[in-house]
There are 2 protein chains.
Amino acid sequence: MSKVAPISGFPEFSPAERLVEQRFLDVIRETFELHGFGSIETRSIEPISRLTSQGEDADKEIYAISRLAGGGRDDSRWGLHFDLTVPFARYVLENAGTLDFPFRRYQIQKAWRGERPQEGRYREFTQADIDVVDVGTLAPHFEAEMPLVIADVFARFPVGDFVIQVNNRRLANGFYTGLGIADVAGTLRIVDKLDKIGPDAVADLLVESGATRAQAQACLDLAAIRSFDLRFIDEVRALGVTNPELDAGIEALAAVIETAAAHAPGRVAAALKVARGLDYYTGTVYETQLVGHEDWGAVCSGGRYDALASDGRTTYPGVGISIGVTRILGLLLGQGLLRASRSTPAAVLVAVSAEEDRAASTAIATALRGNGIPCEVAPRADRFGKQIRYADRRGIPFVWFPGPEGGEVKDIRSGEQVPADPSVWRPPAADLHPTITRA
Amino acid sequence: MSKVAPISGFPEFSPAERLVEQRFLDVIRETFELHGFGSIETRSIEPISRLTSQGEDADKEIYAISRLAGGGRDDSRWGLHFDLTVPFARYVLENAGTLDFPFRRYQIQKAWRGERPQEGRYREFTQADIDVVDVGTLAPHFEAEMPLVIADVFARFPVGDFVIQVNNRRLANGFYTGLGIADVAGTLRIVDKLDKIGPDAVADLLVESGATRAQAQACLDLAAIRSFDLRFIDEVRALGVTNPELDAGIEALAAVIETAAAHAPGRVAAALKVARGLDYYTGTVYETQLVGHEDWGAVCSGGRYDALASDGRTTYPGVGISIGVTRILGLLLGQGLLRASRSTPAAVLVAVSAEEDRAASTAIATALRGNGIPCEVAPRADRFGKQIRYADRRGIPFVWFPGPEGGEVKDIRSGEQVPADPSVWRPPAADLHPTITRA
């Protein structure tokens, strides 16, 4: 039997940390549903040929699965999905005949990547994605909608201050083309490294790849532009590059920034350095940073894609954004920045006077549960002091002592103890469920 | 690129079916938390040596994972977990120093088995487990608690009528020993096949394995006993076998049945045929059947285990029960027995008068969302008849038409349309979220 030990990159939370994660997932789900997104889940595996057909170096990161006892040919052709976008595109193609378009879905699932683990990077992690896909064409207002949903999520959970940075691939592509750069995709991939390697190294790489020093500097000047309003337009124009694709990109980005300024002011910035490495993005791209933790990189990103889901005849363009749930929580919990008020859902411990009277305590618990109050019956008929300590250790705020007319309930924080009827008593709303606070 | 196609045994639900699953999972979670169970999740993989050390023929069913690009030695030693009990036992051992005992946890996760798929059997499936583990000894009242929680779950979700069947390993073991049968474990495994192969075949197998015809008949007589109250005791006694282990088993089973009769009458039966194949059970065992669908087999099962989690010095005995979520839903949805009232969470579609007025519709949607009402803004400023059909196709009950003072809201089922203020309007409670009904 193997040693009992953690596996690097496969995180497991403590019960109290898991309560924080559950609350985050609840907020995400509730917000997605308020915005009219419905849930789907896709199988955890896809054919390896599908997984490797998307994204840069994706095949290096894939976990293949096979039956331990050997088995069908099929088994050896599957791998665990590394994101939720590729499976979603496949799901859309597979079910196009029965889905209603535009199709709005959210998907909260685990994904796996076999990369080397490091702080905030995991081999098994939970993503929470929203996407809208349509048939043939996708209206641009969906590109403006994505950041509003994400701003709503992050405003309702104490992740701290955040900025959703937005750019548009057409803007960057048009600018590079207008500059006279031939390898537009290669340039984008180099600029994407800006936060990691700095402007000097990016300029060197651009020159190595064939750009002049002046072109490289113009790329860096573009990447330095950032505004929460439409000021970015004048700043781009001031760089003196003209190109019809650039104009289209500016117009599209302006529409996203204008909508955001109206509905989520201060949360969404045009940030022209945002590139996103993945090849399949064709329009708006998103990258979200936690303010004060910019070194953590993007915690929520996505973009518009036009050809990811296509069966050869019909194309299903889409736009989506993905919250790195495990990444955000791993970092915030790792630094002790989020805390649950208790380690169990129970708001009440129903004490047991004697083992032969356990049924009376169970009846009280049943009454409380009937009113939606999570509770637990004490595991042992110890003396009451010990039962109170059992509750205290878990952060359970109330202990109920059974008595002939219901008994009495004690707030073990204040020590206040009052007679109470289990069929009508309620804890203060703030105590009903564990609360999550930011340190 | 591979063909877009389902993979046998890896089910995917439609958006409307997923709404049914979400409601079932919500009821499960809420009920588990009302009973004071806290959530944990374990990583999806375990060392293969741990997976193969538990359970009958488990190694045949394990999916091993490996990095597609090749990689560390480690990667080839891992497999996807095939249940949640083995990972939970490992989690308890790994975190024994920081967990509070008795530790009450629930766990709702996917598991994987590489077996041949058939109706209601999947290779990827969701399980929902509760377990209580303690240090050294586990109080018997926890064995009586498990069926109460499950009865609560199934009473709150329209699975139809159900019976949680309970037996006790010690009762069966004591009876077989008292009969003079040597291979008690082998006998148990044969009797476990009763529902599948019938009494005659079981009797033949028992005789083949060394029992006399009379002993085999006595085993079948025991297996035929079933009662919702304590009548099973007299029926066992009438078979004339005496043994101290049998007495202990009868007493333990009687305690479970008595508690159930008081708190969940009619839901829990002593059923002495219940064996459970897994070797690690040592006391109470559970198997739940849906009435009228007994041929579907057990949809929720578990039992007490005393040695599953042990580090050699300390043992952590536990008792648990597991709901086969995908199994239950696969069968009920497959037969069209459960239905969601709509295919999206949205209760309201906010119509768009003209594309340039989209911001007004978004503002109405924001107001509705602020009051917890899921809604969607119409994707296109089509004529209103077309927008109403868009809502109708998805089962969205209300369409909001923006106007100077908020506008008007139409119940598209009745046709009733009234002026309304989006900051205060609420739909009837029954329309706020999709409802799940049994056909």
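**Notebook: chains A and B**

I began with the strands that cross from chain to chain: strand 3 (residues 63-67) of chain A pairs with strand 3 (residues 63-67) of chain B in the antiparallel sense, over five bridges. I took helices (H or I, at least four residues) and strands (E, at least two) as DSSP runs, numbered from the N terminus. Two strands count as paired if DSSP finds at least two bridges between them. In this pairing A:S66 stands opposite B:A64.

Before going on I noted that this is a predicted model, in which local features need pLDDT of at least 70 and side-chain atom pairs count only at pLDDT 80 or more, while totals for chains, interfaces and linings use all residues. Residues are numbered from 1 along each chain as its sequence is written, chains are lettered from A and ligands numbered from 1 in the order in which they are written, and side-chain values use heavy atoms, with hydrogens and water left out.

**Entry: the interface**

I counted contact as heavy atoms within 4.5 Å. The contact takes 91 residues from chain A and 91 residues from chain B. Of the interface residues of chain B, 100% are also interface residues in chain A, so the copies meet through the same surface.

For buried area I used the accessible area (1.4 Å probe) that two parts lose on being put together, summed over both. Between chain B and chain A this is about 7700 Å², and carbon and sulfur atoms give 53% of the area. B:E12, B:L34 and B:L68 supply 9% of what chain B buries against chain A, more than any other three residues.

I then turned to polar contacts, meaning pairs of N or O atoms within 3.5 Å; within protein, one must be able to donate a hydrogen and the other to accept it, and residues adjacent in sequence count only if both atoms are side-chain atoms. I found 44 residue pairs in polar contact between chain B and chain A, both residues at pLDDT 80 or more. Helix 1 (residues 15-34) of chain B gives the largest share of the side of chain B that touches chain A, with seven residues.

**Entry: salt bridges**

My rule was a side-chain nitrogen of Lys or Arg within 4 Å of a carboxyl oxygen of Asp or Glu. The count between chain B and chain A is 12 salt bridges; over all chains it comes to 54. One of the pairs joins the side chains of B:R90 and A:E12 at 2.8 Å, N to O. That pair runs from helix 3 of chain B to the segment before helix 1 (15-34) of chain A. I also noted A:K110 with B:E41, at 2.6 Å, N to O.

**Entry: cis peptide bonds**

In chain A, A:F101 and A:P102 are joined by a cis peptide bond, with omega about -5°. A:P102 is in the loop between helix 3 (85-95) and strand 5 (103-112) of chain A. In chain B, a cis bond joins B:F101 and B:P102, with omega about -5°.

**Entry: a sheet of chain B**

I traced an open sheet of nine strands with mixed pairing, in the order 1-5-6-12-11-10-7-9-8. Its edge strands are strand 1 (38-39) and strand 8 (226-227), each pairing on one side only.
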